[in-house]
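Take a look at the structure below. This report walks through a handful of its residues, one stop at a time.

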Amino acid sequence: MEKNWPLWEIFVRSKNGLEHRHFGSLHAADAEMALENARDVYTRRSEGVSIWVVESKNITASNPENNGELFEPAQDKIYRHPTFYTLPDEIKHM
Amino acid sequence: MSEAQLKDLEEIFEQRIANDEKIEPKDWMPEKYRKTHIRQISQHAHSEIVGMLPEGNWITRAPSLRRKVALLAKVQDEAGHGLYLYSACETLGISRDELYDQLHSGKAKYSSIFNYPTITWADMGAIGWLVDGAAIINQVPLCNTSYGPYARAMIRVCKEESFHQRQGFEIMMSLCNGTEVQKQMAQDALNRWWWPSLMMLGPVDAESVHTEQSMKWKLKRKTNDELRQQFIDQTVPQADILGITVPDPDLKWNEETGHYDFGEIDWDEFWQVVKGHGPCNKERMNARVGAWEEGTWVRDAAMAYAEKQQNKKENQAKAV
């Protein structure tokens, strides 16, 4: 074979009102075939009403090794949460 | 990386698994974890793909349209399961092509049960009932395994698998309620598939080389012997309902243990089949490799067409 079919990531919206969720991946020659294959591979039992396909090489992912500098700064910013603020007991809902 | 650093990383890693954290593709993992997972997930994927062959044998000869659509849907599910698993496996940094190479060259194994022939229609019933039954017992604990993509693929597989077993049992049920000849056909299928199904759950614990490590990584949550006992305990009463006899003279309910005692498994046969000397090893591999090779021109044509369409789009964009 000259060239392998590229890898595509498949996102499916299971029903209107919900977001597309990553379901898995598959190989296909082009986007149209990726959509058709995704229909057969991931929605054989009405699991979806909408499909996105993205060629895997177009996804940029964060590296877990950098999780420290990426995500830890959020941990000491407790003032971003409502419970940081004190209210008198009389106030029931705020 | 120094040896001490590596050891630290390994300790943190083992701790994460012990805490029931999931491992995701880009996380650091020990090389052995990666390799073991590639081996197990790919074996599993190969089994789904080769598993289509014995059943494909009967699609054109299914006795009714109802049976035919069910069998077609089941075989299509198996293709799907193979694809979920291959894609989970590829997240570990191995390509689909390498995985296929390993299968086609015989380097990778698949479940040896698929090296037995399907000689009567009752075999479709017995496979669904027994082989898929054993597979479910093997697979349900894997929905909780430590490697995220594998666990997610298994959840999808397990959801779809129970239809497979039920359609198999229904086939057995119809045959057992049918003519004497049909009932004999069902009994004969049980006779031939019973022992290979027990072997499917793997070598006895004392001889299983991977069990200890796999338990630690939650790649396995119960030992082979525990799974086998569970399979026997749940299946024997089902055979009673069908009114056919499990081909094991030593099979007996043990009041004390609350389990069935069962006879000696012929492990020589198991190892013979694993080593490639089963009744259909060659036939299965020829069918699989043949399908792949004869499909080359289709894959190439699809790729050429995709490139042509892409070029056309780019040229049109330039012209505007």
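Is S25(A) buried or exposed? S25(A) is buried, because its relative accessible area is 6% and the cut-off for buried is under 20%. Keep in mind that this is a predicted model.

S25(A) sits in strand β2 of chain A, which covers residues 20-27. Its side chain makes a polar contact with the side chain of S87(B), at 3.5 Å. Leaving out residues up to four places away in sequence, S25(A) touches L7(A), W8(A), E9(A), I10(A), Y42(A) and S87(B).

Is H20(A) buried or exposed? H20(A) counts as buried, with 12% relative accessibility.

Two polar contacts involve the H20(A) side chain. One joins it to the side chain of S50(A), at 2.6 Å. The other reaches the side chain of W52(A), at 3.3 Å. With residues up to four places away in sequence set aside, the residues that H20(A) touches include F11(A), V12(A) and R13(A). I51(A) is also among them.

## Two positive phi angles

Now turn to the backbone. S46(A) has a phi near 55°, a positive value in a residue other than glycine. Where is S46(A)? S46(A) lies in the loop of chain A that runs between α1 (31-42) and β3 (50-55). S46(A) counts as exposed because its relative accessibility is 68%, and exposed means over 50%.

K218(B) is another residue other than glycine with a positive phi, near 60°. K218(B) is found in chain B, in the loop between α9 (211-216) and α10 (224-242). Is K218(B) buried or exposed? K218(B) is buried, with a relative accessible area of 13%. S46(A), by contrast, is exposed.

## A nonpolar patch on the surface

Which residues form a nonpolar patch on the surface? They are I78(A), Y79(A), F84(A) and Y85(A). Together they have about 430 Å² of accessible area.

Look at one member, Y85(A). Y85(A) lies in chain A, in the segment after α2 (67-71). Y85(A) is partly exposed, because its relative accessible area of 48% falls between the cut-offs of 20% and 50%.

Technical notes: Residues are numbered from 1 along each chain as its sequence is written. Chains are lettered from A and ligands numbered from 1 in the order in which they are written. This is a predicted model: local features need pLDDT of at least 70, side-chain atom pairs count only at pLDDT 80 or more; totals for chains, interfaces and linings use all residues. Side-chain values use heavy atoms; hydrogens and water are left out. Helices (H or I, at least four residues) and strands (E, at least two) are DSSP runs, numbered from the N terminus. Buried means under 20% relative accessible area, exposed over 50%, partly exposed in between (1.4 Å probe, protein chains only). A polar contact is a pair of N or O atoms within 3.5 Å; within protein, one must be able to donate a hydrogen and the other to accept it, and residues adjacent in sequence count only if both atoms are side-chain atoms. Contact means heavy atoms within 4.5 Å. Patches are made of residues with over 30% relative accessible area and no salt bridge: like charges are joined within 9 Å, nonpolar side chains (Val, Leu, Ile, Met, Phe, Trp, Tyr) within 5 Å. Accessible areas come from the Shrake-Rupley method with a 1.4 Å probe; for residues, only the protein chains shown count as cover. A salt bridge is a side-chain nitrogen of Lys or Arg within 4 Å of a carboxyl oxygen of Asp or Glu.
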